[in-house]
Amino acid sequence: MGREWFHSELRTLPRRGNFPLKVLFLYSCQDLVIRHYPPLRQPEDEVEISLRLSSQNLLCTDIVNGTPYAVPFPNLALKRPGAVCVLGKDDHAPRSTLSFRYSADVLPLLKEWKLLPLEDCVTFSLTRECQRLLREIQSTIPRLFLPGVADTLDWLCLSLYREAITTSLAPQKPQKNQEKIAQVALHIQEHFNQTIDFQELARENGLSRQTLFREWKKYFSEPPHSYQNSLKLEQARNLLENTTLPITAIIREIHYAGTSAFWNHFTQKFGLSPREVRNKARNNWQSP
């Protein structure tokens, strides 16, 4: 669903100048819904800059380079060579994104120019300059294969990236409850297979239990305990597809409350029973 409006390899396009940051690949989408997003591994010789511009969700909970994040939109993700990016479990709302890749050789240059983010996923401000550069990139794309236009796009992408990084490093106003909800989400992601006392978790983050559940609904489609439950089911599916652990052992591994409840909830969520998911994965293993 949604509209994907551009993706193309640019590495073979001739350049007139010797600009050091040549865009190798450009991807852009507007209001795109991704229902099933398998882990994506970044090529070992490339680095990707991904600007997540907007979404119906207020928080992005992607796992970038092995670290789970919970940051508002818009945000910038730096996908290092060989890194794996996993879409957040609750991030199936329409997204608008602009991504471009460079050779991994540019990383020392970006560091020298102080253009590396403090973390691999950071928020930034969609300033007027960012919006102007985005419009210029969009208007340049249809003319991409004309002489000299690739050079222009190289400069526009760097300028947009520099503006985003600059705003990400600027002092930010406290996010108050938004930041607290982000911390709660991170705790649940990291401890989903453990018993979580949500009242205590709320207190540790300076919230009452009532405030936690009220504020949580602004960012997530299901309450905290259901969010934790969904993470358990996602992990169960991963174990079914990628290991030979017996189903009963998987239920114990994720600390699910009851075998019957696990089968019912799993089947309802994925449209297949645990055994059907396991059998389908085995068939895929055996395929030539």
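Residues are numbered from 1 along each chain as its sequence is written, and side-chain values use heavy atoms, with hydrogens and water left out. Because the model is predicted, local features need pLDDT of at least 70 and side-chain atom pairs count only at pLDDT 80 or more, while totals for chains, interfaces and linings use all residues.

**Exercise 1. Determine how many residues of strand β9 are buried, and which strands pair with β9.**

Step 1. Helices (H or I, at least four residues) and strands (E, at least two) are DSSP runs, numbered from the N terminus. Buried means under 20% relative accessible area, exposed means over 50%, and partly exposed lies in between (1.4 Å probe, protein chains only).

Step 2. Strand β9 covers residues 75-79, and five of the five are buried, so the rest of the structure largely encloses this strand. The burial applies to both faces: N75, A77 and K79 lie on one side, L76 and L78 on the other.

Step 3. Two strands pair if DSSP finds at least two bridges between them. Strand β4 (residues 46-55) is antiparallel to β9, with five bridges; here A77 of β9 has S50 opposite. Strand β12 (residues 121-123) is also antiparallel to β9, with three bridges, and V122 of β12 is opposite L76.

**Exercise 2. Find the strands that pair with β11.**

Step 1. Strand β11 spans residues 95-103, of which seven of nine are buried.

Step 2. An antiparallel pairing of six bridges links β11 to strand β2 (residues 25-32), with T97 of β11 as the bridge partner of C29.

Step 3. Nine bridges, again antiparallel, link β11 to β4. In that pairing S99 of β11 is the bridge partner of S50, the residue that stands opposite A77 in β9.

**Exercise 3. Check the span of helix α4 and state what covers its buried residues.**

Step 1. The expected span of a helix is 1.5 Å times one less than its number of residues. For the 14 residues of α4 (residues 177-190) this gives 20 Å, and the end C-alpha atoms are 20 Å apart, which agrees.

Step 2. The buried residues of α4 include I181, V184, L186 and I188.

Step 3. Among the elements that cover them are β5 (59-60), α5 (198-204), α6 (209-216) and α7 (224-242), where contact means heavy atoms within 4.5 Å.

**Exercise 4. Decide which side of helix α9 is buried and which is exposed.**

Step 1. F262, F266 and F270 are buried in α9. Seen down the axis, the buried residues of α9 fall within an arc of 25 degrees, so they line one face of the helix; the arc is that of the directions from the helix axis to the C-beta atoms. An α-helix has 3.6 residues a turn, so residues three or four places apart point the same way.

Step 2. S260 and Q268, on the other side of α9, are exposed. Just after the helix, G271 has a positive phi of about 75 degrees.
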